[in-house]
Structure formats: C-alpha cells, structure tokens
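Here is a short briefing on one protein model. Please keep the sequence and the structure at hand.

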Amino acid sequence: MPSQLRFNGRVVVVTGAGAGLGRNYALLFASRGASVVVNDLGVNRHGDGNSTKSADTVVQEIQRNGGKAVANYDSVLDGEKIIETAIKTFGRVDVVINNAGILKDASFAKMTEKQWDMIYDVHLKGAMKTTKAAWPYFLKQRYGRVILTSSNSGLYGNFGQSNYSMAKMGLVGLANTLAIEGAQKNIYTNVIVPTAASRLTEGIIPPDFFNELKPELITPVVFWLCHENCTENGSIIESALGWAGKCHLIRSSGCILRQDLSSDVTPEAVQENWSKITDMTSTKRFNSIQEVTGDLYNIIDQLKNGASSDNEGSPMFKHSYNYRDIILYALGVGATVQEPSDMRYLYENCEEFAILPTFYVLYGPIGCMNTSLLQKAIPHLQVDMTKILHGEQYLEIYKQLPVEATVETHYKVQDVLDKEKSAVVLIQHDTYDTTNGEKLASGQMTAFIVGTGGFGGKRTSPHSIPLVDPPARNPDMSITQQTSFDQAALYRLSGDLNPMHIDTSFAAIAGYERPILHGLCSLGFSTRHVLRAYAGGDPNLFKSIKTRFIKPVLPGQTLRTDMWRENKRIHFQTSVVETGTPVVAGAYIDLQDVKMEIPQTNPCSAKDNIQSNAIFTTIDEQMKLNPQLAKSINAVFFYIITIDGKPVAEWTLDLKNAKVYKGRPSSGKADVTLTLDDKDMVEIALGKLNPQLAFVRGKLKISGNIMLAQKLKSIMDVNKAKL
C-alpha cells in the first residue's frame, strides 16, 4: 500500500466551499493536514441572498474533527481579501481551488447583459482575481497549485447557457496560459470538469441520476492534482461517478488548398475540399503554440515540394472509406446476393460485415495515377498512359481491416528494370490507419511500360517477390463465374479510372477491340473464390496474395478459378472459359488457417424486427382519437431510430396536423430531431427509462428546440396504457 498523501503545513483556499464539491474539498484537505480557508457568500445557485452560515458550518465541522480552518465571506471579485485571510491567519497560501459559481440560464435571444456579466464576474473574473492575488506568494516560494473549475457546458455548449458556457471555456484558456507562465516556478494549473450533485445541478438532473453524482467521488482527483508530488500541468481532467479522464483539444489533419507557394487559395477550392478540412477521423493533438507553428512550417515545406507529398517528400495518397465503398467494391468484383458467403460484403447490418482484403490493392494503381510516380521513376522517358500495364501484384494484410477508416498510403519506387521491350517499375505501397498510425497492409505493384525498354538498365531486382507455379496435378477445386458486361464500368467506380476500361477509342489505341476488364477486378473474383473454397468465406483468414496478369478479360466473359491446396497456401490460376486462356497465373493466397466449411445460409442476421414501430403505430391511433392533444403541442418531431448505431427507421410526429407517419417530415423541416436506439425508444415509451436520464447519458440525441422535446411526455403518458 502506498503511504497516505498528506498536506501537512500547506494552506488551501477553496472558494464556494459552503456546500457540494467545495465543502468536500475543504473537508478532505483538512483531514489530511491542510489549513483551509473556507470561502462562501452563502448565496443560492442564482447568486441571490447571502449568509455566513454555509462557511461557518463547514469550518465548525473541520474543527470538530481536529482540523484547522477559517471562514471567509468575501466575493471572489474581492479575491485579494480571500487570500489576505489565508496570509493573516496561517501565514502562507499554497493551493487555490476556484470552485465558486452561480447560474443565470436563459436562451441567447432572451439573455440580458446583467445575466451575462454576473456569470462572467463570478466564474471567470472572480477566478482570475483570486488566483492573481495568490500568484505573488506562489512565485516567491516557488510553489503553488491552482484548480480552475470548468464544465461540460463550456467544452460542448448547452441550450440556455451561453453565458455559463462562455465563462467555463474561458477558464480553459486562462489555465493554458497560467500553466505555461508558472511551470518554471513549480506552479501548476489544471482544470477540473466535474459532474456532481450540487446547488447548481439540483432540479436540472433527474433525481435517480442526481443521487449517484456524489461530490466525494470527485474530490480525491482534485486532491491529487494539488499535491506536491503531482506534476500534471495544463490539463483538463473530467470526473464523475468515481471515474476520471483527461480531455484535450484536437485538430483534423486538414487539407492544403493550393498546389505550391506561388498559387492562391480560391473559395471554390475551400468548397471542394470542405469534407477533408472537417474530417475528424484523423486528428492531431498539439501541446503548445510552438508545436502549432512548427506544423505550419511543415506545410510550407510541403508546398515547396508539391502538396501531394508528405512531410518527408515521399508520394502519399489519403483516402476515407465506409460501408458504401466496401459494398461497391464487392459488387465490382462479382459478389452477389445469390451466394451466401458474399452477403458479409454486401450488407452493412450483417453481424459478420467485413471488407474483402483485396480492397487494399486499389491503393496501388490509384496512387501511381495520382502522384505521377511513374514519370518520376523514369524521368528520361515520356510515359504514355495507354502503354501502362499492371503486370504483377503482391498484398499482405497485417491485422483485421476496419470497415470504416481514413488511411494513408505511402509509395516508394523500389527498382526500375529494363526488359528490352518494356521498362518495369517495382512500386511498394504501405497503407496506414491515420487514427493510430498502425500499418494495415503492404503491397508491391509491378508496372510494365510498353515500348520504353532498351535503355541499358538491369534486368533483375532483389526486391521482386517471386511467383510460384501450382503443383503438377489436376486442380483440387474449381469455381466458375460469369462477369457482367458492365463489370469494368462498375469496378472503375472503386477508383481505378484508367479510360482503357471504359473508353472504346482509348482501348483501340492500346490495341484492344473494346474496353478490357481491370486485372485487379479478375483478382477480386479469384480471391472471393479461394476464400469461399478454403476459408469458409471468412476474409479474416486472408494473409497475403501474389499474382501475375497474363492476358486481358473482356467484360461478359466467364472466369474459372482452379485451386490447389498446399497446407495454408492455396495456389490458383484463373482462365477465361470461352477461350481456355489463362489470365491470372503463378498466383497464390496464404491463409492464416484453412476452413473448408462453405456456408450454405446467409451469415447475416438482418435486424428487420424494429420494436419501436409499434410505439409510433399506437401514437398514430391515439392522435386520430385525440387531435386536440396533438395541436396543444403544435410542433413537428422527427425520430431517427437506430440499432447498433446504424439508422434503421425514420418516423415523423406532425403534431401541428395530428399526423404520424413513417419517413421524413413532408414539410421538409422538423422543430426537433431525436435520435435513439430502438430498445431505448421502447423503454422510454413504457416509462422504464427517464428521457432526461437518456439524454444525459447520450442515449438520446436531440437537435433543434430542446425545450419542445419536454412536451412529448404528455404523448407518451397517454399511450403507456395502450402499450
């Protein structure tokens, strides 16, 4: 057991210490040896009235327990008087906990200047005045601890609390600078974001939840932040219910809006890139303004090198994908609802919904086309897009691939080979998850540039990943599937936009009678077939793949994948049935394990039994019987019902016209939008879940006029008996 933390010889000032959190702070510090200044005006939560009783009661309790304390009844705007009490009584001051606060809630439209100023004075200016009065003593003794009390309303905003939110977020800014200015003098400043039962939250938070928000569960967190052994500085610490966590501000990776230092930024460029600017799937945390400035210098470097390069100047491609992209890719490589094992790639609500691993080979050709990598690899040659062929491909997967992510793929030319008639470029592409920097996949693309050989280069490379011929026996298994005449047109929507696969004129220039199918599309067909035959359709058993593309496939032709198993390596060769011509050869897939059971039933468990539909049907019946009840509320409510976080149903309660119907408001606008899980909707309707508690817990999300949502209680109460 660690030794007990003590505050012997320390003097602690606590503002607003007559009740709630402040009282608990004072009691704990005093019980651990501190001398405590108990400051409290004795006002109610709105700042009205005054009394010495609150502070006196806490002082008496401390003294009865053998501790040292003195009362102070000054306003925090007279912070120098509060600190003077500490100096005159105990001779020093070591800790200031700015806890005092009041509420003056009103919507911004109705907010008076007096209401604004009162909140600013007590929360922000009062904290500044009290802390500033103690600061000279901290500097002189080279020691001090400051706590500023913020709120979730400050961090996230809250309806009717523009004044309170302003002050609470202002305290975060104050703490950031005090932490910098005090650090070298052993003066540490931190912010506490408590959710606790107090005079400020009584009557606002549901009673059963209010009773669990015990202040004494937060007090030890603040106690530690103030201790001499704690070196935390400039942090925002949130705490409630015996839980604590650190918060911080983050920034998206953003987007460079011009090509180089000589070009301008246009409003249209901002519009076009707005989704990238606001994409929070990849974020950065800065610890100082110097780090921010350093990052701006990195942007200058990128602009000097061209905006498509990363900080090291190597080509990079960034991409975000979600279930739509996964499904589109799966359809592009022949996945069909007629094959049960394919359903996991086609339905986002499938319990086994997954990404087909070869999705990640897309980043090979996409990157080459977007970064001019090939031209940089052989700058002495003119690269003609009609002469570029995808010769070989390798891909290795390092972990289970996320079904939604923002990734960065980095490219490196490993070698350039001279094959007499063609130049061959070996390109490595590594793909990383931007949220945690983990490498998800690594690949090698071999690009043949026809007609550019004979330049005297080397013919072989140690970087080449070899092909492996299949065993000299008949295939162990074969799967045949016809491609669609629109297969290339569909596959190209996943990102490989080479016109050779859609433009007849372009294909003719390259020597083809009509547009050909992407080699990677044929590879996707083959991969699905191998996983179906030897992995039970489970893509998570996939480890790596290597293949060579020999001949083109015309959309509409039939592919046959012949397979040979050698332990966990599955050799395969894919041929066009109509001509008997191999199109993919020397290929293999390495599996994590072999599972021969081929699923004969749909692996998905589609959740189409939406229980809350019955709630809305019942409300509809009641509204028809009692239209006056609806019109007394006179508002339009739009419900988005989810299961496992995914929207499954939409309902509109048009209580202006006593109508309840499935879908979005016919008027196009709702006064209130409510989003919640199907089961939580049922619990609320049955009276088993308090809507306020659901809102506080984040189970119920409300946008629009939140006050109107409270009127729904009468609707639910009427329908309870029917449910």
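Predicted model: local features only at pLDDT ≥ 70, side-chain atom pairs only at ≥ 80, totals over all residues.

Residues are numbered from 1 along each chain as its sequence is written, and side-chain values use heavy atoms, without hydrogens and water.

**Overall make-up**
- The protein has 24 helices and 25 strands (DSSP runs numbered from the N terminus: H or I of at least four residues, E of at least two).
- Of its 723 residues, 49% are buried (under 20% relative accessible area, 1.4 Å probe, protein chains only).
- Among contacts (heavy atoms within 4.5 Å) with a separation of 6 or more, 71% join residues 24 or more positions apart.

**Helix 4 and helix 6**
- The axes of helix 4 (residues 113–141) and helix 6 (residues 162–182) come within 8 Å and cross at roughly 20° (lines fitted to C-alpha atoms over the stretch in contact, with angles from 0 to 180 degrees between N-to-C directions).
- Helix 4 is therefore roughly parallel to helix 6 (angles under 35 degrees).

**Cysteines**
- The count of disulfides is zero (pairs of cysteine sulfur atoms within 2.5 Å).
- Cysteine 230 is in no disulfide; its nearest cysteine sulfur, that of cysteine 226, is 8.5 Å away.
- Cysteine 230 is buried at 3% relative accessibility.
- Cysteine 521 is buried too, at 0%.

Key
Parallel < 35°, antiparallel > 145°, perpendicular 65-115°, else oblique. Buried < 20%, exposed > 50% of the residue type's maximum accessible area, 1.4 Å probe, protein only.
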